[in-house]
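Below is a briefing on how the chains of one protein assembly meet. The sequence and structure come first, and the notes come after.

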Amino acid sequence: MPQRFHEGDFVRVRDDYPIGHIRTPVYIRGKQGVIVKDFGAFGNPETLAYCLPTEKRELYKVRFWQQMVWSSYKGGPRDTVDLDIYEHWLEKAE
Amino acid sequence: MRGPHDVGGLDFGPVENATHDLTLWEKQIDAIRAVIGAKGIVSTHENRRTIEQLGHDVYDTLNYYERWTASLARQMIDKGILTQDEIDARVVQVRQRLADTGELELKEGA
Amino acid sequence: MSTHEHHDHDHDHHDHDHNSPPQPDDKVHSYYQILGTAVKELLIEKGVVAADEVRRMIERRDSITPANGAKVVARAWTDPAFKARLLKDANAAVQEFGIDMPTTHLVAVENTENLHNVVVCTLCSCYPRDLLGLPPSWYKSKAYRARVVSEPRAVLEEFGTSLSDNVEVRVHDSTADMRYLVVPRRPAGTEGMSQDALASIITRDTMIGVAVVEPLQN
């Protein structure tokens, strides 16, 4: 499976709210960050959670600046939060 | 929809950072979950899903290993390994034993 | 504030009326303890799990403590080549200590003068159990999981950890297959110490990132 993103790519997390077992927390949906690592392909928990056959999905470490995640963030402008996000939850940002 | 488990960014007050040693009961539930996972009967992913599906009332009321217990019972029913009737009957028996002896039978191999 | 948050406390189960049906208060706890015992007995009787397997799993869990992680960190402090291996491939590096983490992808993140890492799992309780043992109850509490992502500095203050605004605080939310180990900073005044002595000052909380290793007192 071709990798869709590379280190340094700016990405946005899908702002979707499907029913199901979702490992992308609500607080990060719709937020913009940057790919800092490509972990390789892992089974998709959204199907594994239902014991269904699963395809592998590329998993990325994505870094977000806290002030872009929380409008009233109290802390330095450099503070960040990293999440591990599967490729199908990410789209390219400008 | 935000599931009961998806709490990032909410506020449940200060963190109480006192810790306690796990009780034998908690260790047993933890170990049963680990053994069932290692045997491939219920994966970690399924375990998380069934805990999330306990819903707000149950998730918010129970402590950690109580959630695991509730979801373990449901998994066993879902997979046809145990029936609700069996579990209910055994709960009555264990309760009776409690009433007789005043404590739970927590020894291994019971 | 939440009055119904239990924080995974160790409730005194003997105080409850065991014959009452589940109630949305403390009485509910005895019901789930009974349910757990009932399910355990049935699973053993049906041969789904063996009593011996459960016992051995408890022993295995009990044998894994934060001291394992402390040894790894102390080595990283004293052996730059090992630290480089740890940061590059933590699974392989901890295997040098005989610590096998077959189902875990361990990632070590290093604190520096300018960067402080702190670990959480907002969705459940992901934690490097095969290295540090079972997580403390506060790590699994909704209070910690909820707030450490949105106000990490305030939560760190509650743990007695104050960080300058010049230091980047980086929260790692373990949302997938990775489990995170923080390599805390080595405090000043520890230059002559042996690895064992260093390991003895490295606490669990410093490897989660809610605390820093305290400088030695004279």
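This is a predicted model: local features need pLDDT of at least 70, side-chain atom pairs count only at pLDDT 80 or more; totals for chains, interfaces and linings use all residues.

Residues are numbered from 1 along each chain as its sequence is written, chains are lettered from A and ligands numbered from 1 in the order in which they are written, and side-chain values use heavy atoms, with hydrogens and water left out.

Chain C and chain B bury about 6,200 Å² between them, and chain A and chain C bury about 2,000 Å². Buried area here is the accessible area (1.4 Å probe) that two parts lose on being put together, summed over both.

**Interface of chain C and chain B**

- Chain C and chain B each bring 66 residues to the contact, where contact means heavy atoms within 4.5 Å.
- Of the area buried between chain C and chain B, 63% lies on carbon and sulfur atoms.
- On the chain C side, the most area is lost to chain B by C:Tyr32, C:Lys40 and C:Lys142, which together account for 10% of what that side buries.
- The rule finds nine salt bridges across this interface of chain C and chain B; a salt bridge is a side-chain nitrogen of Lys or Arg within 4 Å of a carboxyl oxygen of Asp or Glu.
- A salt bridge joins C:Arg147 to B:Asp11, with 4.0 Å between the closest N and O atoms.
- There are also 17 residue pairs in polar contact between chain C and chain B, both residues at pLDDT 80 or more. A polar contact is a pair of N or O atoms within 3.5 Å; within protein, one must be able to donate a hydrogen and the other to accept it, and residues adjacent in sequence count only if both atoms are side-chain atoms.
- Helices H1 (27-45), H2 (51-63), H7 (137-140), H8 (142-147) and H9 (152-158) of chain C each supply at least two residues of the side that touches chain B. Helices (H or I, at least four residues) and strands (E, at least two) are DSSP runs, numbered from the N terminus.
- H1(C) gives the most to that side, with 16 residues.
- The side of chain C that touches chain B holds 30 nonpolar, 18 polar and 18 charged residues. Ala, Val, Leu, Ile, Met, Phe, Trp, Tyr, Cys and Pro count as nonpolar, Asp, Glu, Lys and Arg as charged, and the others, Gly among them, as polar.

**Interface of chain A and chain C**

- This contact takes 23 residues from chain A and 27 residues from chain C.
- Carbon and sulfur atoms carry 47% of the area that chain A and chain C bury.
- In chain A, A:Arg23, A:Arg78 and A:Asp84 lose the most area to chain C, together 29% of what that side buries.
- Two salt bridges are found between chain A and chain C.
- C:Glu168 and A:Arg78 meet in a salt bridge through their side chains (4.0 Å, N to O).
- Polar contacts between chain A and chain C amount to 18 residue pairs, both at pLDDT 80 or more.
- Strands S2 (32-43), S3 (56-65) and S4 (80-86) of chain A each supply at least two residues of the side that touches chain C, and S4(A) gives the most, with six residues.

**Strand pairing**

- S4(A) pairs with strand S3 (residues 168-173) of chain C in the parallel sense over four bridges; two strands pair if DSSP finds at least two bridges between them.
- C:Arg170 in S3(C) is the bridge partner of A:Thr80.
- S2(A) and S3(A) pair in the antiparallel sense over eight bridges, and A:Ile35 stands opposite A:Val62 in S3(A).
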